[in-house]
Amino acid sequence: MGESIRVYAAREIVTMNPSNPSGRYVAVRDGLILGVAHDPAEFDYWGKYEIDDRFAGDVLVPGFVEAHAHSLEGLFAETPYVGYFDRLRPDGSTSPGSATLDDVVDRLQSVDAAMTDPEETLVAWGLDPIYYPGERANKTHLDRVSSTRSIFLLHASGHVATVNSALLRAQGITAETETEGVVMGEDGEPTGELQEAAAMMHAGPVVASLFTKMTAESTWWNFGRAALVGGVTTMTDLGSNLLSDPALLTTIESVVNDDRFPARVVSYAFPAALGASYQADDVVVAMQSLKSRETSKWRLGGIKLVADGSIQGWTAVLNPPGYSDGSRGIWTVTPAEMNASVPVFHAAGINVHCHCNGDAIVDAFTDAVELALRRVAWLDHRHTVQHCQLATSAQLRRMANLGMAANLFANHLWYWGDQHYEQTVGPERANRLEPAATAQREGVRFALHSDANVTPLGGLHLIWAAVNRVTPKGRVLGPEERISAYDALKAVTVDAAYQLHMDREIGSIEIGKRADFAVLSDSPLEVDPMAIRDIAVRGTMVGGVVHEAPRVA
Amino acid sequence: MSGPAGSGRGVPPLPFTVIGGFLGAGKSTLLNHLLRDAGGRRIAVVVNDFGSVNIDAELIASHDGDTIALTNGCICCSLAGAFALALPGLRDRQPPLDHVVVEASGVADPFTVGQYGTLPGFRLEGVIVLADAETIRDHAADPRLGHQVRRQLERADLVVLNKVDLVTPEAAAGVEAWLRELVPGARVVRAVDGEVPISVLLGELGGAERSPATEPAHPHPFVTATLRANAPVHRAALEALLERLPDRLLRLKGFVRLEDNRWMEVQVVGRRWRLRAAPPSDVARDRSVLVAIGSGEAVAEVASRVAALGFSHDR
């Protein structure tokens, strides 16, 4: 006792606690929820309290839980953005999308004009050439921005960059450069496109500085700001090298445990940080040694595996009949390796999340989990198929039988839905993309995710995408896979917490849980479904601490 | 990494070789041999995992985090994370290294890893892929991963057909024939327990200056010949030669003065040849030189063909 009780009044509170679904008042003490009621008199039980009206005009929902994001989201917070879609930035501003390549050039020209040091390289990100049919972005576009300043433009995929002639010159990239991925034009000269890591390394110090910045404190603070503007109060860093980088955890601790940092972070460790041919037993020991450093705001969630590439990169591994050209995608670990490591992690009680974009990978990971369960009967493992974009009914049934969870990449429906329908996997598989309704029918508890920075962090867009399944061209992809706004909200709150083993303490507004709320202008359950993504996030509360979202005129 | 300014102009680029191959092909064993018996070279071997390479304790001079220094001047680094960022450290290491050998993980495409060897300060010298004579055909036929296994082989400069002692001679011949059908023009070296002469893996030390050391007894007999020429060489004739080298020639390396007096570096690893301007540090010589390594027949054939370009055996 001793801590004072604060009762927050709201226009409406959506609790996601089925036994007490709504209310108008929530009582908070010492960062924990004492209860939700329609009448504050119910809180007399607890003694003296103070009513706080700051949210009286707002709707409170459980803080969104993002079970698949990357701290990389914070890296580009202050970097000019030239993507196709409007993008909400961590400072609360919105960077407008670029409808054409000319718009990209315009935007970069204004960035260039605002730079004072002529020697400084202009770095921008977010270019998505799939949206600009016709001429491929190349050095000549960027030369219109500057013929003297080096320009490095990272694509949305993160796998490709386009640079200008000044950068090619400064870094000595010429017709003689041998590296595969340094694209040469018909004239035999570099076009300015650098594909994949080795080719991008030619761009020189600018690339190294991006790597260095990846784990900097400023990146982590911006990751938190991105969570705040998206209403996210708990997020994963789903794939961290912390097992081999002790300094990284020190950075995370100093930022995340700060009261001003507006989110809880759950790190999932890449076992390959210990080497591509790591011993699973060594990973278990390394994981266990970090457990003591957990706090209420930082958790070591488990292991992250990555088993294939992406659908839009044609590297997600598909079962037959594969892609239209007969290719099948690229494995990044083998089924044998998964069968060797997953049972070891499982036996040690470690939750495993595996990146499985293609359906063939879903089979392989599920095989490994089944093997683990034959050996050790840990029934509450909640091993999760991450992305799970193309899973079939049969796969989801099997996952349900084995106690597995799914995390569906709902934002893909909007950001690449048309491309999947027209180009990558064709209509039938595009229509079952992110099979939320099938998962529900087959009894798999699922979450929805952004994979930030691949798409922006934020619960509302995920709900919107899963409820409407519309594409930029106006298709409704697989109307049978649409789910209700309630079920979608559940998927970005309590069911996302479930797969992180955190639903006991977060994910609903319920007595005994942590006081983590998203403060919204309207209820996603009340507005027109197509307007869900337009609801304003006014701020969040994390463990009783209020964080106001920045307002930008 | 730093740009060309930091790539040490005037310092010859550091040779870079990739060792790849599917899980179980014997990469770690081969790398262990390489570190143990480096033939006087200072090699940096970049591995996925120290444990699997299992370096003999008496060879270890010091162990500092990601790097094990050996008493013979070699180092072994485990660089799981930011591999690319660690490359400048290898390039700038003092005393300088003679060669960087990078292990590609079992499912990685070794050719893609090799692209790091084309960055400033490095020189890609070969993509070598190991294949387990006993299992490679099964792996290549695997309905799930077979396409990736085949791609590794298709993009290799040189294939080491390992563990040939575990199969009958007929089976070994069968696998080799299958490999040559899968990869037209494949260059195949047979090996037992990952034992491959270092001159075949990494070429001759010091840019073809030294006579090769005597090679140990080996299931595949190799011959080395050093050939020199006084007169300048006609470029088109040289390229025609490089286009049609015998299948059993494994390496050809040297420096050649062209008719326009430019010095070119010739490098053949397996089925891939490169002809590029020689680094300035390597042109202070009076005669063109080529060192050929391969089967006796192949080396003899090369010797007779370069005789037409003015080369004769080093006496």
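In the predicted model, Arg155(B) forms a salt bridge with Asp109(B), and the closest N and O atoms of this pair are 2.6 Å apart. The two partners come from distant parts of the chain, 46 residues apart, with Arg155(B) placed in the loop between α6 and β8 (158-162) of chain B and Asp109(B) in the loop between β6 and α4 of chain B. Both Arg155(B) and Asp109(B) are buried. Asp109(B) also meets the side chain of Arg151(B) in a salt bridge, at 3.3 Å from N to O. This second pair likewise links distant parts of the chain, since 42 residues separate Asp109(B), in the loop between β6 (99-103) and α4 (110-114) of chain B, from Arg151(B), in helix α6 (residues 146-154) of chain B. The relative accessible area of Asp109(B) is 15%, and this residue is therefore classed as buried, the cut-off being under 20%. Arg151(B), with a relative accessible area of 39%, is partly exposed.

Elsewhere in chain B, a network of salt bridges links Glu176(B), Arg180(B), Arg187(B), Arg190(B), Asp247(B) and Arg248(B). A search of the whole structure finds 49 salt bridges over all chains. One of them, in chain A, is formed by Asp52(A) and Arg6(A), whose closest N and O atoms lie 2.7 Å apart. Here too distant parts of the chain are linked, as Asp52(A) belongs to strand β4 (residues 49-52) of chain A and Arg6(A) to strand β1 (residues 5-14) of chain A, 46 residues apart. Asp52(A) is buried, with a relative accessible area of 7%, whereas Arg6(A), at 30% relative accessibility, counts as partly exposed. Side chains of opposite charge can pair when their charged atoms come close.

Salt bridges are also found between the chains. Across the interface of chain A and chain B the rule finds three salt bridges, including one in which the side chains of Glu178(A) and Arg274(B) meet at 3.3 Å, N to O. On the side of chain A that touches chain B, the elements giving two or more residues are α5 (196-201), α6 (205-213), α10 (335-347) and α11 (359-375) of chain A. The contact as a whole takes 33 residues from chain A and 28 residues from chain B, and the area buried between the two chains is about 2400 Å², of which carbon and sulfur atoms give 59%. Eight residue pairs are in polar contact between chain A and chain B, counting those with both residues at pLDDT 80 or more.

Within chain A, eight strands form an open sheet in the order β6-β14-β15-β16-β17-β18-β19-β20, with parallel pairing. The edge strands of this sheet are β6 (64-66) and β20 (446-448) of chain A, each of which pairs on one side only, and the twist from one strand to the next averages 25°. Helix α17 (residues 459-468) of chain A packs on the sheet, where α17 touches β6, β14 (232-240) and β20 of chain A, and the direction of the helix makes about 85° with that of β6(A). Strand β18 (residues 384-387) of chain A runs parallel to β19(A) and is joined to β19(A) by four bridges; within this pairing, Ala406(A) in β19(A) is the bridge partner of Val385(A).

Strand β19 (residues 405-408) of chain A also contains Asn407(A), a buried residue with a relative accessible area of 0%. The side chain of Asn407(A) makes a polar contact with the side chain of Gln386(A) at 3.1 Å, and the Asn407(A) side chain also reaches the backbone nitrogen of Leu448(A) at 3.4 Å. When neighbours within four places in sequence are left aside, the residues in contact with Asn407(A) include Ala67(A), His68(A), Thr384(A), Cys388(A), His449(A) and Gln499(A).

Technical notes:
Residues numbered from 1 in each chain as written. Chains lettered and ligands numbered in written order. Predicted model: local features only at pLDDT ≥ 70, side-chain atom pairs only at ≥ 80, totals over all residues. Heavy atoms only, no water. Buried < 20%, exposed > 50% of the residue type's maximum accessible area, 1.4 Å probe, protein only. Polar contact = N/O pair within 3.5 Å; in protein donor to acceptor, adjacent residues only side chain to side chain. Contact = heavy atoms within 4.5 Å. Pairing = 2+ DSSP bridges. Axes fitted to C-alpha atoms, helices over the stretch in contact; angles between N-to-C directions. Buried area = accessible area lost by both parts, 1.4 Å probe. Salt bridge = Lys/Arg side-chain N within 4 Å of Asp/Glu carboxyl O.
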